[in-house]
Each structure stands twice: as C-alpha cells, then as structure tokens.
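These are my notebook entries on a structure that I am opening for the first time. I set down each item that I looked up, with what I found.

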Amino acid sequence: MKKIQMVDLKGQYAGIKDAVNSSIQEVIENTAFVNGPEVHKFQKSLEDYLGVKHVIPCANGTDALQIAMMGLGLEQGDEVITADFTFAATVEVIALLKLTPVLVDVNEDNFNINIEAIKKAITPKTKAIVPVHLFGQCANMEAIMELAKEHNLFVIEDNAQAIGADYKYSNGKKVKAGTIGNVGATSFFPSKNLGCYGDGGAIFTNDDDLAHTIRGIVNHGMYERYHHDVVGVNSRLDSIQAAVLNAKLPHLDTYNKARQTAARKYNAAFKGMDSVITPKTVNECDGICDTCDCHVFHQYTLRVKGVDRDALVKHLNENNIPCGVYYPIPLHKQKAYLDERYVESHFEVTNQLVKDVISLPMHTELDDEQIELITTTIIKFING
Ligand SMILES: *Cc1c(COP(=O)(O)O)cnc(C)c1O
C-alpha cells in the first residue's frame, strides 16, 4: 500500500506532470516572471469558472483578505464579525488593519458561523461580516446577506477552503462559493483544493468600482504609473504559480469529486457509530450527489464523543496514519486576540469542538485500501 499522507501532492502531480512541466517551462522561456500572460490567462479562466465579473490575483490568501478589507475602506475602530473557529489568518488581518475583531460562535454540526451569534454581536459600530466557508462548505449565506442588507454591512467571504463549492439558495439557485458577498478571498496554498506550488491567492468581486480600487491596492496604490493615490501593498501572483494553476484549474471539479467520493466512503464506514459524528452537510443529498458540489471537503472532520480524542490521534500516528486537529484552540483564547469583552458562555460550541474534532487524511489520491485501513484502525481503537 502507498504510504498514507494527509495530502498527496506528489501523487496528484504524477497525473498532470506533462501539463504542469510545459506550463512552467513556457514561463522560463518567455521570462515574464511577474505579470506574465499566464497570470492574465488564469484570471480569465477563474472568472469564467466561478461566474464572477472580476478576479484579482494576489500573493496569498491572507493578503487577499487584507486587501479586500482595505478595498472596502474599513477604518480603525470598525467592528468586523467573524468565526471563533477558523484559521487565524481571518482575524489576523482584521487586527492588523486596526479594525476591531468580534469573534462569534459556530454551529456544532457544520462548523460554520452561527447566525444567531452574529445577530447578537451586531452593534452600531459593526461594518462587516466575514463568514469562513470552513472545511469546504459554505456558511449560511442567504441569512448572512439578509442581515448585511438589514444593517448595511459588507460581507467578505473567506473562501480559502471552499473553492469550487456551490452555494445552493433555498429556491434551488446555485452559485460558486466566494461570489455572493461584496468580495471573496481565496488561497492557492499547496494543500488547498486548488493549490499552486508555492504561495498564491485571489480576490473575487462582481462590483466594478471595488475591482478597480483593489487592482490599484495590490500594486502600491497605483492607478496610473508612478501616481500613488492610496496606500497600497505589493501583492502579486507570480507567473510560475499562475502556470501551475492554469494546468490544475481544468481538473478542479474532478479533484473535488474525488474528495467527495472519499468522504462518502468514510461516512459509510462510520455509519451507525454513536461515538463518531460524521460531518453534516447542509443539503439532503449530503452535498455529495452527482448534481451538486455543496461540500468540497477541504477537510474531512469527525467529532468524537466519549472517546479520548488525543489518545486516538496518538494511536493513529503510531500506526503511521496522519491526522490533524483543526483547530485545537479557539481564536478568542489565543494570546494575540484576547479581549475582555468576550464572555466564555458565548463560545460554548467552539470550546467543545476544539476538544472533539479530528480531521482524517483527505486528498485527491486516496484509494480504497487506504480508507479501509484508516477507518478500521479508528473503529478498532474506539470499540476496544
Ligand atoms: C489557508 C487559509 C487562509 C490563508 O491563506 P494563505 O494563502 O496561507 O495566506 C485564510 N483563511 C483560511 C480559512 C484558510 O484556511
């Protein structure tokens, strides 16, 4: 059996080697290492794929979030609501821009930001909501957009973990994750669902004016050469990374389907176990039917009940099965983001999730034999 990995980028590369190599080689030949034709090509292809008017490539997902917030003109003291249970990048850029992060609790079944918690956190100073589409599935965007409209707030979607996912409205209409709010931000970090071979990111929007503003911000606040109208940053997707993404984007749907197939097999193996709760998907079809991609399983995350999670992690590692705990500490308890406004009882779900969650290997190359070994090892450990 092939060694089990959390993410198997080498195995994936083997299937697209010629396309990736020739795409990278082209950049080396044309030497347009920055802002080359590959970057423009990728931007257009991603706009078409997502069905969004503007994609602005940038250097990484953290920059994408920061630039989105700069583009919206958020100012010191503005409150920005986001989830307590996410990767730190989301809250980091809020704090970095001297905005006021307001962390709120999430849903225990799908790990996404809780709508009632958002409602309770809205004050006259609230200016934006940043839903994170955690582990590959959209937050409740319909409810979030309604709240935003009612309170005149911006919505910035952190789509680093859900590229390619569909969001399905209650009337059945489907749109791509990241294209619903005022602006979406994503990451092409190698392990993400669409990863390059280094750092990369992008910002999406359907708003022409905002797209114009953001294109200047990513380029030192320049709208005309050597005229700096606003304070900007230098954040570029380099041409070699764009070349890799050009070779991989045509496979994104197939890759996401492979993740869904692995998720379905995991679900089947744990079916009926009281102590293992498989990830809940919002749609009846489990988001893994042939007609929708409502969950693209960036992570496959279980909750265990009445099981010593940390002992399970140790047992898996001893058996050469990698696994992860995303995330082990709520953001509101991280030293950098401590704030006396936070009340422990408001974070009941996140405080519990950090003790219960365990993410299993999830990538495009998992085979049946590997899934069988992973699931039987877990089941044997739990059943003793
Ligand atoms: C990966 C990630 C980011 C940051 O992306 P980088 O490209 O690593 O900067 C932001 N938010 C979430 C939820 C992520 O998973």
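**Entry 1. Domains**

Into which domains is the protein divided? I found domain 1 (9-250) and domain 2 (252-383). I note at the outset that the model is a predicted one. I looked up the centres of the two domains, taken over C-alpha atoms, and they are 24 Å apart. To the contact between them, domain 1 contributes 45 residues and domain 2 contributes 38 residues.

**Entry 2. The interface between the domains**

The size of an interface is often stated as the accessible area that is lost when the parts come together. For domain 1 and domain 2 I read a buried area of about 3700 Å², with 54% of it on carbon and sulfur atoms. I then turned to the polar side of this interface. Between domain 1 and domain 2 there are 23 residue pairs in polar contact, both residues being at pLDDT 80 or more. Which elements supply the side of domain 1 that touches domain 2? I listed α1 (9-30), α4, β3 and β6, each of which supplies at least two residues. With five residues, β3 gives the most to that side of domain 1. I also recorded two salt bridges across the interface of domain 1 and domain 2.

**Entry 3. Salt bridges**

Side chains of opposite charge can pair when their charged atoms come close. How many salt bridges does the count give? I recorded 15 salt bridges, and I examined several pairs individually.

The pair Asp109 and Lys280 has its closest N and O atoms 3.8 Å apart, and it forms a salt bridge. Asp109 is partly exposed, at 29% relative accessibility. Lys280 is also partly exposed, at 43%.

Glu116 and Lys119 form a salt bridge as well, at 3.3 Å from N to O. These two are three residues apart in helix α5, so about one helical turn separates Glu116 from Lys119. I noted Glu116 as partly exposed at 45% relative accessibility, and Lys119 as partly exposed at 42%.

Two further salt bridges went into my list. Arg303 meets Glu108 at 3.2 Å, N to O. Arg309 pairs with Asp310, and their closest N and O atoms are 2.8 Å apart. Arg309 is buried, with a relative accessible area of 9%.

**Entry 4. Helix α6**

Which residues of helix α6 (residues 141-151) are buried? I found Met141, Ala143, Ile144, Leu147 and Ala148. What do the buried residues of α6 pack against? I listed α5, β4 (126-130), β5 (154-158) and β6 (166-168). On the other side of α6 I found Glu146, Lys149 and Glu150 to be exposed. Just after α6 comes Asn152, which takes a positive phi of about 55°.

**Entry 5. Thr90**

Thr90 belongs to helix α4 (residues 89-96). Is Thr90 buried or exposed? I recorded Thr90 as buried, since its relative accessible area is 1% and the cut-off for a buried residue is under 20%. The side chain of Thr90 makes a polar contact of 3.4 Å with the side chain of Thr86. A further polar contact, of 3.0 Å, joins the side chains of Thr90 and Asp158. Setting aside neighbours within four places in sequence, I found Thr90 in contact with Leu65, Met69, Thr82, Val130, Val132 and Asp158.

**Entry 6. Thr179**

Where does Thr179 lie? I located Thr179 in the loop between β7 (174-176) and β8 (183-187). Although in a loop, Thr179 counts as buried, at 11% relative accessibility. A polar atom of the Thr179 side chain lies 2.7 Å from the backbone oxygen of Lys176. Not counting residues up to four places away in sequence, Thr179 touches Leu50, Val52, Glu157 and Asn206. I also looked up the separation of Thr179 and Ile156: they are 23 residues apart in sequence, and their C-alpha atoms are 9.6 Å apart in space.

Methods:
Residues numbered from 1 in each chain as written. Predicted model: local features only at pLDDT ≥ 70, side-chain atom pairs only at ≥ 80, totals over all residues. Heavy atoms only, no water. Salt bridge = Lys/Arg side-chain N within 4 Å of Asp/Glu carboxyl O. Buried < 20%, exposed > 50% of the residue type's maximum accessible area, 1.4 Å probe, protein only. Helix = DSSP H or I, 4+ residues; strand = E, 2+ residues; numbered from the N terminus. Polar contact = N/O pair within 3.5 Å; in protein donor to acceptor, adjacent residues only side chain to side chain. Contact = heavy atoms within 4.5 Å. Domains from an automatic or database assignment. Buried area = accessible area lost by both parts, 1.4 Å probe.
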